[in-house]
Amino acid sequence: MPTTYKLLEGFSRFKKTYFGDDRALYESMKTGQPTKILMIACCDSRVDPAILTDCDPGDIFTVRNVANLVPPCETDNNHHGTSSALEFAVNSLNVESIVVMGHGNCGGIRALWQSDGVEDSKFIHRWVSIAKSAKDWVKVNHKHEYESIQLKMCEQRAVLVSLENLMTFECIKNRVEAGNLRLHGWYFDLDKGELMCYNPTTDKFEKPA
C-alpha cells in the first residue's frame, strides 16, 4: 500500500466535511483569508499548529520551517521565504497577532546545540545558526544543568531570538509600536503535552492563565 494512501483517505473525509452538505465555511472564504493570526511553527510532523490549537481552515496563516525560526530582516537578492510570508501576513492580511511557537525535542535546535562550528550539511546548520545567541545564552546561564535541561532552555530561548528578529522588519515594528499588532512566544512541551506562553515580566514560559 502506498505511503500516501492515508493522506488520500483523509482528503476524502475533508471533502465530505467541508464540501458536502455544509459548505458554508469555504463559501465564505472564496475571495480571501479571514485570519488575523500568523503562526510561525516548526516543520516537525508532531507539532502541527492547526491540530494543536484545534483550528478550522481559515483560522491561522501558518509559516513552518526548521526550528520555527525568524531570520533578521535582510534586503539582499537571496530568496527569503519566511520573510516574504511575514510581509504578506502583515501588509496584505493585516494580522493582529504573530505567534512564534517552539516545541520540545526539536531536531533543529539539537542540530544547533551539537554544532561545533563545522557545517556538515548544505543548509541546516547555516539556517539554525540564526539562533546561535540562544545557545550562547544557555551555555553561560545554565552551564551546570543536565544537557536535557539545556536543550529545553535553548528551544525556549530561540523563540525569544525570533521575537527580537521580528522587530527588525519595519512593517512589524511600526504596527507593534502603534498598538495594532501583538507578538507572542509559545512553547509546546511535547513530553508533558502542555502549552507554555512567554511572560516578559518574569522572563519565563508559563502556563496560560
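**Entry 1: the largest pocket**

I began with the largest pocket and found it lined by 19 residues, of which H79, H80, R126, W127 and I130 lie nearest its centre. The model is a predicted one, in which local features need pLDDT of at least 70 and side-chain atom pairs count only at pLDDT 80 or more, while totals for chains, interfaces and linings use all residues. Residues are numbered from 1 along each chain as its sequence is written, and side-chain values use heavy atoms, with hydrogens and water left out.

I took a pocket to be an open set of points, on a 1 Å grid over the protein atoms alone, where a 1.4 Å probe fits, with protein on both sides within 12 Å along at least five of seven lines; lining residues have an atom within 4 Å of a point. The volume of the largest pocket came to about 580 Å³, a volume being the space filled by probe spheres set on the points, which are joined across faces, edges and corners.

Which helices each supply at least two residues of the lining? I noted α4 (81-91) and α6 (124-128), helices being DSSP runs of H or I with at least four residues, and strands runs of E with at least two, numbered from the N terminus. By type, the lining divides into 7 nonpolar, 8 polar and 4 charged residues; here Ala, Val, Leu, Ile, Met, Phe, Trp, Tyr, Cys and Pro count as nonpolar, Asp, Glu, Lys and Arg as charged, and the others, Gly among them, as polar.

**Entry 2: salt bridges**

I then looked up the salt bridges (a side-chain nitrogen of Lys or Arg within 4 Å of a carboxyl oxygen of Asp or Glu), and the structure holds 9 of them.

One of these joins the side chains of D48 and R64 at 3.6 Å, N to O. D48 lies in the loop between β1 (37-42) and α3 (49-52) and R64 in strand β2 (residues 61-65), so this pair ties together parts that are 16 residues apart in sequence. D48 is partly exposed at 25% relative accessible area, and R64 is also partly exposed, at 31%; buried means under 20%, exposed over 50% and partly exposed in between, with a 1.4 Å probe and protein chains only.

In another, D189 meets K152, with the closest N and O atoms 3.2 Å apart. Because D189 lies in strand β4 (residues 182-189) and K152 in helix α8 (residues 147-166), the pair ties together parts that are 37 residues apart in sequence. Is D189 buried or exposed? I found D189 buried, at 7% relative accessibility, whereas K152 is partly exposed at 28%.

K173 and E177 also form a salt bridge, at 2.8 Å between the closest N and O atoms, and they stand 4 residues apart in helix α9 (residues 170-178), about one helical turn. K173 is partly exposed at 34% and E177 exposed at 53%. I also noted a network of salt bridges linking R23, E27 and K30.

**Entry 3: buried parts**

In helix α5 (residues 107-114), I listed G108, I109, A111, L112 and W113 as buried; what covers the buried residues of α5 includes α6, α7 (132-141) and α8.

Terms used. Contact = heavy atoms within 4.5 Å.
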